[in-house]
Amino acid sequence: PYHYHNDLACDYDHTVADHSPLIGIALDGYGIYGLYESYDADTSTQVKPDDLDTCNGHAKAVPANTTYGVDGASVYHYHTTSWAPYTIGCFGVPEGVDQDSCKELYPYSDSGSTGGCGDGIYGITTPETPGGYCYDTDCPCFDRSTDRYGRNTDMAFNGTDGCACMNKCDETNSGCKKTCDELVTIYSCEEYYAPGMAYEGWCDKECGYGACAVN
C-alpha cells in the first residue's frame, strides 16, 4: 500500500508558527505530529524537538484538536524528523525508551531466518555526512543524543575497511571529560566499563567490550 518513508510533507502546513499539527495516529494510540516543536519569535524560526527518545517520541504539550479529542495537555507523542527513523522507530511509553532497551526488542537471530539489531552493519555516505557513518540495516533503534541523532549503531566508519568498534567517550559532546585512553588508566575496565557496570559502552574500544569484544 501507499506509505511514507520521511516527513509527511503534503499533510500539513510547514509555515505555521507553532507546534506542528496532528497528522496521524500510531497503532499504539499515540499521535504523530510534524517536524516542529515550537516557534522562536525572536529569530523567526521554527524549532525542531531536541529531546526525542529512540522511538522518536516524547511527553510534551501538544496543540488542542477537538476532532480527535486532544485537549492540549502534556502527552506522549511522536514527531516526524529529518533524521532517522524519520517517523516511528518503535512504540514508545511516556517515560521514554532508550536505545539499549529498544534493541532488546529486536534481537538478531543467528539462524538467518530473521534480521535484527546487529545483523548487517554497513558504512554509508550521504551529502549531509560526506565523512560517512555506520548504519544497521535491520535495527529500528536510533540514538537520541544530540551528536548522534539518526544513528542506530555504536560502530564508527573508518572510511576504508567499513565499520569498526568505537569509544563513545571520544566523541564530541559525549559528556566525558577525558578520552578513553586517559580514563582507563584511572578507572578499571572491569569495574566501570564492562557489561552491567555503570559506564557500560563508553570505552569499548579501549577495553574490548561490545563491538570490540574479542571472540
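Tutor: Cys189 and Cys207 form a disulfide, with 2.0 Å between their sulfur atoms; a disulfide here is a pair of cysteine sulfur atoms within 2.5 Å. The link of Cys189 and Cys207 is left-handed, with -75° about the S-S bond. Cys189 lies in helix α3 and Cys207 in helix α4, so the pair ties together parts that are 18 residues apart in sequence. Helices (H or I, at least four residues) and strands (E, at least two) are DSSP runs numbered from the N terminus.

Student: Where do these values come from?

Tutor: This is a predicted model, in which local features need pLDDT of at least 70 and side-chain atom pairs count only at pLDDT 80 or more, while totals for chains, interfaces and linings use all residues. Residues are numbered from 1 along each chain as its sequence is written, and side-chain values use heavy atoms, with hydrogens and water left out.

Student: Are Cys189 and Cys207 buried or exposed?

Tutor: Both Cys189 and Cys207 are buried. Buried means under 20% relative accessible area, exposed over 50%, and partly exposed in between (1.4 Å probe, protein chains only).

Student: How many disulfides does the count come to?

Tutor: The count comes to eight disulfides by this rule. One of them joins Cys55 to Cys90, with an S to S distance of 1.9 Å. The torsion about the S-S bond of Cys55 and Cys90 is about -90°, so this disulfide is left-handed. The pair links distant parts of the chain, 35 residues apart: Cys55 is in the loop between β4 and β5, and Cys90 is in the loop between β6 (74–79) and α1 (99–105). Cys55 and Cys90 are both buried.

Student: And what do Cys180 and Cys203 form?

Tutor: Cys180 and Cys203 form a disulfide, their sulfur atoms being 2.0 Å apart. Cys180 lies in helix α2 (residues 180–183) and Cys203 in the loop between α3 (189–193) and α4 (204–207), so the pair ties together parts that are 23 residues apart in sequence.

Student: Why does Cys180 count as buried?

Tutor: Cys180 counts as buried because its relative accessibility is 0%. Cys203 also counts as buried, at 0% relative accessibility. Cys10, by contrast, counts as exposed because its relative accessibility is 78%.

Student: Let us change topic. Where is Thr54 found?

Tutor: Thr54 is found in the loop between β4 (45–47) and β5 (57–61). Thr54 counts as buried because its relative accessibility is 2%. A polar atom of the Thr54 side chain lies 2.5 Å from the backbone oxygen of Phe142. Beyond its neighbours within four places in sequence, Thr54 is in contact (heavy atoms within 4.5 Å) with residues including Pro85, Cys90, Cys102 and Cys141.

Student: What about Ala59: which strand is it in?

Tutor: Ala59 is in strand β5. With a relative accessible area of 35%, Ala59 is partly exposed. Leaving aside neighbours within four places in sequence, Ala59 is in contact with Ser74, Val75, Tyr76 and Pro94.

Key
A polar contact is a pair of N or O atoms within 3.5 Å; within protein, one must be able to donate a hydrogen and the other to accept it, and residues adjacent in sequence count only if both atoms are side-chain atoms.
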